[in-house]
Amino acid sequence: MEEATGVQTQEQLDLSTALQRTIKAGLFKDTVAKGLNEVCKAIDNKNRPVLCIVADDCNEEMYLKLVKGLCKENKVPLIHIAEGLTLGKWVGQCKYDAQLNPRKVKRCSSLVIKAFVNEDDEAAKLIKERIANETDITL
């Protein structure tokens with residue numbers, strides 16, 4: 001019975017849920033950088049980060065150009081997300097009501113995952129596979 005449920009969860013795991021799991025785990029271990037200043041420092045660091053996630057609905061065009069240019073220069077895989085509010089929810093930049101529904105979500109334009117917390121995790125493996133095949137991914 002346990003094997004059947006394990007297969008079920010593996011089939012349901014897609015890239016966005018894998019990223020959510022990795023970001024949540026990274027927030028606890030301080031392996032996630034968010035905000036322009038932290039993101040630029042993490043990308044330029046000699047210890048190359050795992051990947052960068054950027055929201056395409058950012059108001060500042062120069063912000064996107066800077067982050068994309070740094071990623072290209074330092075060969076950091078880049079993942080595009082349509083909305084910054086989604087990224088804000090993943091990072092936890094919101095308040096929760098009594099039913100644990102997110103309220104007052106703040107936008108997050110970019111973040112960097114510096115390292116995987118657990119290399120053997122299914123989510124980490126899925127992300128590594130996708131990054132190995134493509135360096136510029138759109139969700």
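In this predicted model, helix H3 (residues 36-44) and helix H4 (residues 61-74) pack with their axes coming within 9 Å and crossing at roughly 15°. That angle is under 35 degrees, which makes H3 roughly parallel to H4. The crossing of the two helices, H3 and H4, is left-handed. On the H3 side, the contact is made by Leu36, Val39, Cys40, Ile43 and Asp44, while H4 brings Tyr63, Leu66, Val67, Leu70, Cys71 and Asn74. Sorted by type, the residues where H3 meets H4 are 9 nonpolar, 1 polar and 1 charged.

Follow the chain onward from H3 and you come to Lys46, which lies in the loop between H3 and strand E2 (51-55). Is Lys46 buried or exposed? With 77% relative accessibility, Lys46 counts as exposed, because that value is over the 50% cut-off.

**Helix H2 and its two partners**

Two packed helices are described by the angle between their axes and the distance between the axes. Now turn to helix H2 (residues 15-29), whose axis comes within 9 Å of that of helix H5 (residues 84-91), with a crossing of roughly 45°. The pair H2 and H5 is therefore oblique. From H2, the residues taking part are Ser16, Leu19, Gln20, Ile23, Lys24 and Leu27, and they meet Lys89, Trp90 and Val91 of H5. This contact of H2 with H5 divides into 5 nonpolar, 2 polar and 2 charged residues.

What angle do H2 and helix H6 (residues 122-133) make where they cross? Their axes cross at roughly 125° and come within 9 Å. H2 and H6 are therefore also an oblique pair, and their crossing is left-handed. Here Leu15, Ala18, Leu19, Arg21 and Thr22 in H2 touch Ala123, Ala124, Leu126, Ile127 and Arg130 in H6. The contact of H2 with H6 is made up of 7 nonpolar, 1 polar and 2 charged residues. If you look for Leu19 in the structure, you will find that residue in the contact with H5 and again in the contact with H6.

**Salt bridges**

Side chains of opposite charge can pair when their charged atoms come close. How many salt bridges does the model hold? The count comes to 5 salt bridges, and the table lists some of them, including one formed by Asp97 with Arg103.

| Salt bridge | Closest N and O atoms |
|---|---|
| Asp97 and Arg103 | 3.1 Å |
| Glu119 and Lys128 | 2.3 Å |
| Arg130 and Glu134 | 3.7 Å |

How open are these partners to their surroundings? Asp97 has a relative accessibility of 21% and so counts as partly exposed; Arg103, at 45%, counts as partly exposed as well. In the bridge of Glu119 with Lys128, Glu119 is partly exposed with a relative accessible area of 39%, and Lys128 is partly exposed at 34% relative accessibility.

The bridge between Arg130 and Glu134 brings us back to H6, as Arg130 is one of the H6 residues that meet H2.

Key: Residues are numbered from 1 along each chain as its sequence is written. This is a predicted model: local features need pLDDT of at least 70, side-chain atom pairs count only at pLDDT 80 or more; totals for chains, interfaces and linings use all residues. Side-chain values use heavy atoms; hydrogens and water are left out. Axes are lines fitted to C-alpha atoms, for helices over the stretch in contact, and angles run from 0 to 180 degrees between N-to-C directions. Helices (H or I, at least four residues) and strands (E, at least two) are DSSP runs, numbered from the N terminus. Angles under 35 degrees count as roughly parallel, over 145 as roughly antiparallel, 65 to 115 as roughly perpendicular and the rest as oblique. Contact means heavy atoms within 4.5 Å. Ala, Val, Leu, Ile, Met, Phe, Trp, Tyr, Cys and Pro count as nonpolar, Asp, Glu, Lys and Arg as charged, and the others, Gly among them, as polar. A crossing is left-handed if the near helix is turned anticlockwise from the far one by less than a right angle, and right-handed if clockwise. A salt bridge is a side-chain nitrogen of Lys or Arg within 4 Å of a carboxyl oxygen of Asp or Glu. Buried means under 20% relative accessible area, exposed over 50%, partly exposed in between (1.4 Å probe, protein chains only).
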